[in-house]
Amino acid sequence: LLAAPYWQSGRVTEAVQELETSAALTDHPVLIGWLAHAKALTGRTREAEAIVAGMLQQDGYRQHYALAIAYFGLGRIDEAFEALDVACLDRDPLLTHVAVDPRFDELRGDPRFAELLQRMGLSTSPTPSGAGSASRRG
């Protein structure tokens with residue numbers, strides 16, 4: 001979690017270091033996907049592609065939300081949406097983060113993003129003035 005504020009405040013090197021340190025301690029799929037995303041965006045594309053290849057080689061349940069994060073970092077937008085579609089079909093509870101996850105900000109203008117949110121039952125329109133404003137600040 002420490003990588004997120006580092007990344008958002010422009011401390012990209014520290015964010016990647018934090019993700020690498022965390023990845024050495026756990027193989028949580030979202031962390032691994034985020035690490036691939038961060039490495040791709042910092043020009044370490046080969047390392048990011050190797051991480052994705054490792055994610056795809058794992059047996060058993062595949063965490064498609066994490067895979068979408070990695071694909072988006074690599075600029076593989078169609079594959080990112082395919083992974084998000086599978087996560088939706090799997091009813092992945094982490095997928096609800098897509099509505100607010102800043103890593104997906106650039107996808108918000110894509111019609112497929114609005115369709116995904118609609119399938120999930122999440123609104124794509126702003127909340128009427130005053131309604132729910134406390135929860136948005138939280």
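The face of helix 4 turned away from its buried side carries two exposed residues, Arg-46 and Gln-57. This and the following legends describe a predicted model. The chain has eight helices and zero strands, and the order along the sequence reads α-α-α-α-α-α-α-α. Of its 138 residues, 36% are buried. Among contacts between residues at least 6 apart in sequence, 47% join residues at least 24 apart.

View 1. Helix 4 covers residues 45-57. Its 13 residues reach 18 Å from the first C-alpha to the last, close to the 18 Å expected at 1.5 Å a residue. The buried residues here are Ala-48, Ile-51, Val-52 and Met-55. These four cover an arc of only 100° around the axis, which puts them on the same side of helix 4. An α-helix has 3.6 residues a turn, so residues three or four places apart point the same way. The buried residues of helix 4 pack against helix 3 (29-41) and helix 5. On the face turned away from this buried side are the exposed residues Arg-46 and Gln-57.

**View 2. Surroundings of Ile-51.** Ile-51 is found in helix 4. With a relative accessible area of 16%, Ile-51 falls under the 20% limit and is therefore buried. Leaving out residues up to four places away in sequence, Ile-51 touches Ile-32, Leu-35, Ala-36 and Lys-39.

**View 3. Helix 5 and its cover.** How many of the 10 residues of helix 5 are buried? The count is 10 of the 10, so helix 5 is largely enclosed by the rest of the structure. The buried residues are His-64, Tyr-65, Ala-66, Leu-67, Ala-68, Ile-69, Ala-70, Tyr-71, Phe-72 and Gly-73. They pack against helix 3, helix 4 and helix 6.

**View 4. Surroundings of His-64.** His-64 lies in helix 5. At 16% relative accessibility, His-64 counts as buried. When neighbours within four places in sequence are left aside, the contacts of His-64 are Ala-83, Val-86, Ala-87 and Asp-90.

View 5. Helix 6 runs over residues 77-89. At 1.5 Å a residue its 13 residues should span 18 Å, and the end C-alpha atoms are 18 Å apart, which agrees. Helix 6 is followed by Arg-91, which has a positive phi near 55°.

**View 6. Packing of helix 6 with helix 7.** Two packed helices are described by the angle between their axes and the distance between the axes. For helix 6 and helix 7 the angle is about 5° and the axes are 11 Å apart. An angle under 35 degrees counts as roughly parallel, and helix 6 and helix 7 are therefore roughly parallel to each other. On the helix 6 side, the contact is made by Ile-77, Asp-78, Phe-81, Leu-84, Asp-85 and Cys-88. Helix 7 contributes Arg-112, Phe-113, Leu-116, Arg-119 and Met-120. By class, this contact has seven nonpolar, no polar and four charged residues.

View 7. Leu-122 is placed in the loop between helix 7 and helix 8 (133-137). Is Leu-122 buried or partly exposed? At 30% relative accessibility, Leu-122 counts as partly exposed. Not counting residues up to four places away in sequence, Leu-122 touches Thr-96, Ala-99 and Leu-117. The C-alpha atoms of Leu-122 and Ala-99 are separated by 7.8 Å. Along the chain, Leu-122 and Ala-99 are 23 residues apart.

Definitions and conventions: Residues are numbered from 1 along each chain as its sequence is written. This is a predicted model: local features need pLDDT of at least 70, side-chain atom pairs count only at pLDDT 80 or more; totals for chains, interfaces and linings use all residues. Side-chain values use heavy atoms; hydrogens and water are left out. The expected span of a helix is 1.5 Å times one less than its number of residues. Axes are lines fitted to C-alpha atoms, for helices over the stretch in contact, and angles run from 0 to 180 degrees between N-to-C directions. Angles under 35 degrees count as roughly parallel, over 145 as roughly antiparallel, 65 to 115 as roughly perpendicular and the rest as oblique. Contact means heavy atoms within 4.5 Å. Ala, Val, Leu, Ile, Met, Phe, Trp, Tyr, Cys and Pro count as nonpolar, Asp, Glu, Lys and Arg as charged, and the others, Gly among them, as polar. Buried means under 20% relative accessible area, exposed over 50%, partly exposed in between (1.4 Å probe, protein chains only). The arc is that of the directions from the helix axis to the C-beta atoms.
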